[in-house]
Amino acid sequence: MLKRLILVLGFGVLAGFCAIAFEASAQTSVALELIERARVSTSQRVQTQLLTRAEHTLQNSWARPVLWHAGASEALSGAYYAHGLVAQDTALLRQSANWAENTVRLAPVQPHAWIRLAALDEGGIANSLCRVTECLAHAWRVAPLLNGAGGCERLRIAYRVGALTSADARIDAYVQTHPRRVAAACLDFLPPAELYEALMRDAV
């Protein structure tokens, strides 16, 4: 009888953990979809509505995923960051920095959170973990290669703060792992002659 009771309790606890994990994953997915819809929208009003919904989705979940789930915390930081840029609201950007710090404390292998901390620090929103070049170093350490907007933004920030030159091997790595037109669009911060040289190095 005791063994049966222990088994029942064990299965109950396991079911509870599974329900919490499912809720965290589901709400994070919903929030990420809202953030992506806001990204492609051309209406500031719609962007604000979608990003506010993403924030509320994560913060109001009964599982409180932003406190323990790195993916949820990262999504909330991203929502606040996008919302802060749209609204030009420093308070929202500070919230983004706070949740990015929480994200890398939960899981230091989150490159986008490190990149966001770098971008915020460059813009005057400091954090307690790193300055802009240190944040970027962490991002490259955990993800030497990174596709999408994050990989491009990392290069742009590094170049602006003098931590990257046109001859850097990290630019070569980006060019080698992206279609030429994508690489050219990303690297348009380089002077034309240096951009051409960077693109041609991979063609040789």
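Colleague: Contact means heavy atoms within 4.5 Å. With that settled, which residues does Asp121 touch, not counting residues up to four places away in sequence?

Modeller: This is a predicted model, so keep that in mind. Asp121 touches Ala126, Asn127, Cys130, Arg131 and Val132 on that count.

Colleague: Where is Asp121 found?

Modeller: Asp121 is in helix H5.

Colleague: Buried or exposed?

Modeller: Asp121 is buried, because its relative accessibility is 15% and buried means under 20%.

Colleague: What joins the side chains of Asp121 and Arg131?

Modeller: A polar contact joins the two side chains, at 3.1 Å.

Colleague: Let's stay in H5. What about Ala113, buried or exposed?

Modeller: Ala113 also has its place in helix H5. Its relative accessibility is 0%, so Ala113 counts as buried.

Colleague: Which residues does Ala113 touch, again not counting residues up to four places away in sequence?

Modeller: Glu74, Ala100, Thr103 and Val104. Look at Ala100 in the structure. Ala113 and Ala100 are 13 residues apart along the chain, yet 5.1 Å separates their C-alpha atoms.

Colleague: New topic: the largest nonpolar core. Which of its residues touch the most other members?

Modeller: Leu117, Leu136, Leu155, Ile171, Leu187 and Leu190 do, out of 36 residues in that core. Helices H4, H5, H6, H7, H8, H9 and H10 each supply at least two residues of this core. H5 gives the largest share, seven residues.

Colleague: Why would such residues sit together?

Modeller: In soluble globular proteins, nonpolar side chains tend to be buried together.

Colleague: Take Leu136. What is Leu136 in contact with, leaving aside its neighbours within four places in sequence?

Modeller: Leu136 is in contact with Ala118, Arg154, Ile157 and Ala158. There is also a second, separate core of 16 residues, and Ile35, Leu58, Ala75 and Leu76 are among them.

Colleague: How many residues line the largest pocket, and which lie nearest its centre?

Modeller: The lining has 25 residues, and Ile35, Arg39, Tyr81, Arg116 and Ala149 lie nearest the centre.

Colleague: Which helix gives the most to the lining of the largest pocket?

Modeller: H3 does, with eight residues. Helices H1, H2, H3, H5 and H7 each supply at least two residues.

Colleague: How do the residues of that lining divide into nonpolar, polar and charged?

Modeller: Twelve are nonpolar, eight are polar and five are charged.

Colleague: Last topic: backbone angles. What is the phi of Arg64?

Modeller: About 50°, which is positive, although Arg64 is not a glycine. Most residues other than glycine have a negative phi.

Colleague: Where is Arg64 found?

Modeller: Arg64 is in the loop between H2 and H3. Arg64 is partly exposed, with a relative accessible area of 38%.

Colleague: And what is the phi of Gln88 near?

Modeller: Gln88 has a phi near 50°, also a positive value in a residue other than glycine. Its place is in the loop between H3 and H4.

Colleague: Gln88: buried or exposed?

Modeller: Gln88 is exposed, because its relative accessibility is 72% and exposed means over 50%.

Technical notes:
Residues are numbered from 1 along each chain as its sequence is written. This is a predicted model: local features need pLDDT of at least 70, side-chain atom pairs count only at pLDDT 80 or more; totals for chains, interfaces and linings use all residues. Side-chain values use heavy atoms; hydrogens and water are left out. On a 1 Å grid over the protein atoms alone, a cavity is a set of points where a 1.4 Å probe fits but cannot get out, and a pocket is an open set with protein on both sides within 12 Å along at least five of seven lines; lining residues have an atom within 4 Å of a point. Helices (H or I, at least four residues) and strands (E, at least two) are DSSP runs, numbered from the N terminus. Ala, Val, Leu, Ile, Met, Phe, Trp, Tyr, Cys and Pro count as nonpolar, Asp, Glu, Lys and Arg as charged, and the others, Gly among them, as polar. A nonpolar core is a set of buried Ala, Val, Leu, Ile, Met, Phe, Trp, Tyr and Cys residues joined through side-chain atoms within 4.5 Å. Buried means under 20% relative accessible area, exposed over 50%, partly exposed in between (1.4 Å probe, protein chains only). A polar contact is a pair of N or O atoms within 3.5 Å; within protein, one must be able to donate a hydrogen and the other to accept it, and residues adjacent in sequence count only if both atoms are side-chain atoms.
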